[in-house]
Amino acid sequence: MNMSNTERRITLFCAEHQLEYHQAVNRFSGNKATYFKSVQLFINDLTLYIQQTMASPNIPADFAPMLHTLKSSAATLGFTELACYARNHEIKLAHYSPTEFSQFHKILLAKLTTNKDLAIMLASLLEMELQASNSQENKPILAVNSEFIMIYDTLMEEVNHYNMNAINTFAKIANTLNLIAPQHIELLTQSINQLKFQQAENILAEIFPRILNIQQ
């Protein structure tokens, strides 16, 4: 398969900065548009984490929920080094001395800032790639038929059982869901990609009556 100039730039950029781009896109079943939206949401999350880190320099307990979420979202999107850092320090956080915590706090802030900058640059490249792709072909939209309902039911079951494969299943019907319930798609995408499955299940349940109406 021929690689576009922008795709080549993305590959080189990610290789240079140890971002596992291709593995991450595969988690979204190759759906670069959904991956792009998830990176944008990740940038928003990193902005909030930076603000939180700057506002809580001496309170270790404040960082446990952040690290728990960050290890999953960063890993899903290919920011593996950041995910490993979050996972390792989530375990150690409660045992740090004041000096160790101060050092952790300083390094965490630097890593969050660096990875936010990387995510912004990656999002810019992805946007260019998507614009080029959109100018060449229309994306197929899965009709609301028995196949769609089967995938939707599978997604509901996976989020109900906290199954990571929900990320891949969601990618298969994300474009159709965006047409059915555009006001929900951003939060739903964020919920699934950040493994907030209870929230995702609630949104999917809210969307389902609209799907039934379309089928009738």
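**Helix pairs, cysteines and a few residues**

Biologist: At roughly what angle do the axes of helix 4 (residues 64-76) and helix 5 (residues 80-92) cross?
Modeller: Helices are DSSP runs (H or I, at least four residues), numbered from the N terminus. Each axis is a line fitted to C-alpha atoms over the stretch in contact, and angles run from 0 to 180 degrees between N-to-C directions. For this pair, the axes come within 8 Å, and the crossing angle is roughly 150 degrees.

Biologist: Before we go on, what pLDDT do side-chain atom pairs need to count?
Modeller: Residues are numbered from 1 along each chain as its sequence is written, and side-chain values use heavy atoms, leaving out hydrogens and water. This is a predicted model: totals for chains, interfaces and linings use all residues, local features need pLDDT of at least 70, and side-chain atom pairs count only at pLDDT 80 or more.

Biologist: Which residues of helix 5 meet helix 4?
Modeller: Contact means heavy atoms within 4.5 Å. Helix 4 brings Ala64, Leu67, His68, Leu70, Lys71, Ala74 and Ala75, and on the helix 5 side you'll find Thr80, Leu82, Ala83, Ala86, Arg87, His89 and Glu90.

Biologist: How many residues of the contact of helix 4 with helix 5 are nonpolar?
Modeller: Ala, Val, Leu, Ile, Met, Phe, Trp, Tyr, Cys and Pro count as nonpolar, Asp, Glu, Lys and Arg as charged, and the others, Gly among them, as polar. In this contact there are 3 polar and 3 charged residues, and the nonpolar ones number 8.

Biologist: Are helix 7 and helix 8 oblique or roughly antiparallel to each other?
Modeller: The axes of helix 7 (residues 146-160) and helix 8 (residues 166-180) come within 9 Å and cross at roughly 125 degrees. Angles under 35 degrees count as roughly parallel, over 145 as roughly antiparallel, 65 to 115 as roughly perpendicular and the rest as oblique. Helix 7 and helix 8 are therefore oblique.

Biologist: And what about helix 8 and helix 9, oblique or roughly antiparallel?
Modeller: The axes of helix 8 and helix 9 (residues 182-193) come within 9 Å, crossing at roughly 170 degrees. Their contact includes Phe170 and Leu177 of helix 8 and Ile185 and Leu188 of helix 9. From that angle, helix 8 and helix 9 are therefore roughly antiparallel.

Biologist: How many disulfides are there?
Modeller: A disulfide is a pair of cysteine sulfur atoms within 2.5 Å. The sulfur of Cys14 has its closest cysteine sulfur in Cys84, 16 Å away, which is too far for a bond. By this rule, the count is 0.

Biologist: Is Cys84 buried or partly exposed?
Modeller: Buried means under 20% relative accessible area, exposed over 50%, and partly exposed in between (1.4 Å probe, protein chains only). Cys14, at 2%, is buried. Cys84 has a relative accessible area of 27%, so this cysteine is partly exposed.

Biologist: What does Ser38 touch, not counting residues up to four places away in sequence?
Modeller: Ser38 sits in helix 3 (residues 32-55). Its relative accessible area is 4%, so Ser38 is buried. With residues up to four places away in sequence left out, Ser38 touches Phe28, Leu77, Thr189 and Asn193.

Biologist: How many Å apart in space are Leu130 and His95, C-alpha to C-alpha?
Modeller: Leu130 belongs to helix 6 (residues 98-136), and counts as buried at 11% relative accessibility. Leu130 and His95 are 35 residues apart in sequence, and their C-alpha to C-alpha distance is 45 Å.

Terms used. Helix = DSSP H or I, 4+ residues; strand = E, 2+ residues; numbered from the N terminus.
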